[in-house]
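Subject: Structure for your files

Hello,

Here is the structure, with notes on its aromatic rings below. Please keep the notes together with the file.

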Amino acid sequence: MSTTAPLPTPAAALRTFVDDYAAAVRRELDDLPAETVDDLTDGLEADLLDALSDTPVGFFRPDDGPRPGADLTDTVVAPPAGGAAASGAPGAGAAPSSDVPFTPAVLVRRFGSPPAYAAELRSSAGLAPRVAAQGAATRQGIAAAWAETRAGWAQRWRELRAAPGWKPVFEFLEVLRPVWWVGRAWVLATALLWFQESPVGLAPSSGAGWLLLVAAVVCSVQWGRGVWRFEPRLRWVGRALAVAAVVLLLPTTATALAGSSSGSGGPVTVYHDANRSNGVWVDGREAENLYVYGPDGKLVDGARVYDDTGKPVRALDDAQGIEGGGLVVSNDDGTEQWLALPSLDRAGRQAWNAYPVERVPLAQDEWGGTQYDDDGAPVLQPGAAPTAPVAPFDEVSPLTSRAALPEAQALPGDGTTPSPAPSDGASSAPSSDASPTPKPTTPTPPPAK
Amino acid sequence: MDTTQLLKGVLDAAVLAVVADADGYGYDVVRRLRSAGLDDVADASVYGTLRRLYAGGALTSYVVPSDEGPHRKYYGINAQGRAMLDVQRKEWGSFAHTVTSLLDPSEGAAR
């Protein structure tokens, strides 16, 4: 085969053009692994030079090509033995002439633009077109690494399955596959129900839950049997669901088992603190404070509340621990703490049943807990003063009258207002021995404790 | 007829045949294809085809340094390439025969 003839001096410039062109082509391939680029473009410069030397000079005639700024005035055509360049150029004169400018544009005319050239190399080499712009190399690198990892695991999996010792195990598991179809449907349905209703059991507790479970089982089994399929562009949904089922298997099972053992939907076990005998529960929540409104509908400040036996009604229990003359209380989610301060009676005794109970915000430590000083006393927020928490209502509707006694139950001869103590109850009248004063209707306060 | 489309289908076989004849470097293969009459063949598609055949194990390759110019990468055929060429030769023969008899029944019958 022919070899490249020694190039005359202007050939150095041609070499530069060719090198630049080849470099531009390689840049267009830089998203491919370096090895592939080498395979594709090794010897490219030699090929380009050879191709140019084979190109008839007439190809570079100025008539139909771009050429402004021609600084190279000599065409460098170094024909190999018997090269057709000089002789075969129609109308170009016998030798390369100075009217043929040689610029990088000539390479583009001859070979096309570097991107087009690179694209043709790619497609003919069976490689994918260039991925758009920046980060392509990184993405391809990650994709390649991921594909390699997957292939590696797949290979290991195949080897494991083929291993003689494991074969019966896999055959056994193969038979159980439909069990997993049902299992994954249960996992996903239970997880969905978990979002809806906090306690979930092994079986749904509602009709809608059962409907969901049955639908999930049908879909899962049909999908498993290959009867129903996802559309190709929705395959990821199937994969995501399969992964979700595996991930949720343990949490849902654990929750459902816990839920069913404590009886989902059944009675809820509530632990009572045996040491606590005070506290006011309203609608399932322990009240932190009480607000007393008078018959005029106005808030009564310092109202003292007693029960039917004359015991002070305490919303706050000192079993929670009195600290520094007050009681540390917190809001329902524990994000704020206060020191509750009782009113004092004339004798200087703490009256915890005087409402509303005032309180002072406490400083918090870095974990949101109560901050204590060296003596173990809670630290107040700087500049904080005792205030009553904001009342739920400024005012309530004033009272105008009492409810009339239902006619059917009107007791003949008894003109008194209804009282909580049954008039005929012999032993159950608590006031007789518990309270020294007759009835709460009297304005005199019961003795403080 | 768009011969570049036709060329795509037979380029593998044509390149294999050229290299089977004698080892060659990229542009050398292009030149031999052109002198054989495939004038429209594009340089880059030949180089890409050579690389693909090489990556597929049908070709061997070696680099020949040059004192003056850049080095050249030569390709040669191996046993797998020859087997591939044989298969493609047969396939082309039968395909060409089919299409020829389809387009020109008299000639097809004569063959």
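**Aromatic rings**

Tyr62(B) is partly exposed, at a relative accessible area of 35% (buried means under 20%, exposed over 50%, partly exposed in between, with a 1.4 Å probe and protein chains only). This is a predicted model, in which local features need pLDDT of at least 70 and side-chain atom pairs count only at pLDDT 80 or more, while totals for chains, interfaces and linings use all residues. Residues are numbered from 1 along each chain as its sequence is written, chains are lettered from A and ligands numbered from 1 in the order in which they are written, and side-chain values use heavy atoms, without hydrogens and water.

Over all chains, the search of the whole structure gives ten aromatic pairs (rings of Phe, Tyr and Trp, the last by its six-membered ring, with centres within 6.5 Å; planes under 30 degrees apart are stacked, over 60 edge-to-face, the rest tilted). One of them is Tyr25(B) with Tyr74(B), edge-to-face, with 5.3 Å between centres and 70° between planes. The partners are 49 residues apart, in strands E1 (residues 24-25) and E3 (residues 72-77) of chain B (strands are DSSP runs of at least two residues, numbered from the N terminus). Tyr25(B) is buried at 0% relative accessible area, and Tyr74(B) is buried at 13%.

Tyr74(B) also pairs with Tyr62(B), stacked at 5.7 Å and 15°. Tyr62(B) belongs to strand E2 (residues 59-64), twelve residues from Tyr74(B).

In chain A, ring pairs join Tyr21(A), Phe111(A) and Tyr117(A) into a cluster.

The charged end of Arg72(B) sits over the ring of Tyr25(B), 4.3 Å from its centre (CZ of Arg or NZ of Lys within 6 Å of the ring centre and within 35 degrees of the ring normal).

Regards

Conventions:
Helix = DSSP H or I, 4+ residues; strand = E, 2+ residues; numbered from the N terminus.
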